[in-house]
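Thanks for making the time, everyone.

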Amino acid sequence: MPNEPSPPRRRGAVRTEALLQVTLDLAAEVGYAGLSIEAIARRAEVGKHTVYRRWPTKAALLLDALQRAWATDLDHRDTGDLRADLREQFLRSSSALTEPPIGPVYRAVIAEAQSDPAARATLHERFLRTVETSTLERVTRAQRAGELRADVDLAFAAEVLCGALYYRHLLTPRPVDEAAIDGLLDMFMAAYGSRSRTRRPDAVGG
């Protein structure tokens with residue numbers, strides 16, 4: 001019996017995934033400035049209207065492609081040790097932000113967003129909000145588990161945790177290395193950690 005054709009929804013999902021991968025591959029080759037919907041369509045061997053039906057702008061397409069590439073790096077582990085889990089996630093994120101395709105393309109999208117309000121809104125809605133929400137969910141679970149003080153609202157704290165690292169990476173020449181991440185987490189745990197659980201393991205006996 002001949003193979004039955006895939007349902008339209010499945011074919012659409014496969015094509016979307018293929019277009020996102022082509023976008024990342026091409027962005028790594030030519031950079032943000034050299035990227036266009038037309039070039040992506042040519043590389044994917046589809047009509048440009050196929051791309052525009054899914055993404056109205058280049059920025060929207062790039063952000064979806066970045067989110068796909070970075071999906072696992074946005075997730076926080078939950079081992080029961082908040083500080084260790086945040087540290088591991090921030091190290092993964094730092095590595096991703098310094099390497100292609102994510103790093104160069106993300107910096108270019110940030111630059112585009114400064115002069116394009118629509119791109120800025122898309123950046124926040126499809127990417128930064130995901131980062132903030134993921135971090136907030138992880139610290140909230142830790143709060144419920146007793147690792148963090150129960151009398152504080154962690155929404156702003158989660159935003160500061162993410163924002164400090166992104167600021168250093170995007171706007172300064174200083175590295176987002178282990179020392180920077182440890183310093184940030186030390187301040188966070190000193191401010192919000194439960195008194196019985198704020199000391200770092202390597203500080204015991206010191």
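This is a predicted model: local features need pLDDT of at least 70, side-chain atom pairs count only at pLDDT 80 or more; totals for chains, interfaces and linings use all residues.

Let me begin with E38, which, once its neighbours within four places in sequence are set aside, is in contact with K48 and Y52, contact meaning heavy atoms within 4.5 Å. Residues are numbered from 1 along each chain as its sequence is written, and side-chain values use heavy atoms, with hydrogens and water left out.

E38 sits in helix α2, residues 37-44, where helices are DSSP runs of H or I with at least four residues, numbered from the N terminus. The C-alpha atoms of E38 and K48 are 5.7 Å apart, although the two are 10 residues apart along the chain. With 30% relative accessibility, E38 counts as partly exposed, that is, between the buried class, under 20% relative accessible area, and the exposed class, over 50%, using a 1.4 Å probe and protein chains only. The buried residues of α2 are I37, A39, I40 and A41, and just after this helix E45 takes a positive phi of about 60°.

Now to the helix pair. Helix α7, residues 102-115, and helix α8, residues 117-144, pack at about 135° with their axes 6 Å apart, the axes being lines fitted to C-alpha atoms over the stretch in contact, and the angles running from 0 to 180 degrees between N-to-C directions. That makes α7 oblique to α8, oblique being what remains after roughly parallel (under 35 degrees), roughly antiparallel (over 145) and roughly perpendicular (65 to 115). Among the residues that meet are Y106, V109 and I110 in α7 and L123, F127 and L128 in α8.

Finally, the charged pairs: how many salt bridges does the model have? The count comes to 12, a salt bridge being a side-chain nitrogen of Lys or Arg within 4 Å of a carboxyl oxygen of Asp or Glu. In one of them the side chains of D186 and R83 meet at 2.9 Å, N to O; D186 lies in helix α10 (residues 178-192) and R83 in helix α6 (residues 82-97), so the pair ties together parts that are 103 residues apart in sequence. R83 is buried, at 13% relative accessible area, whereas D186, at 28% relative accessibility, counts as partly exposed.

Methods
Helices (H or I, at least four residues) and strands (E, at least two) are DSSP runs, numbered from the N terminus.
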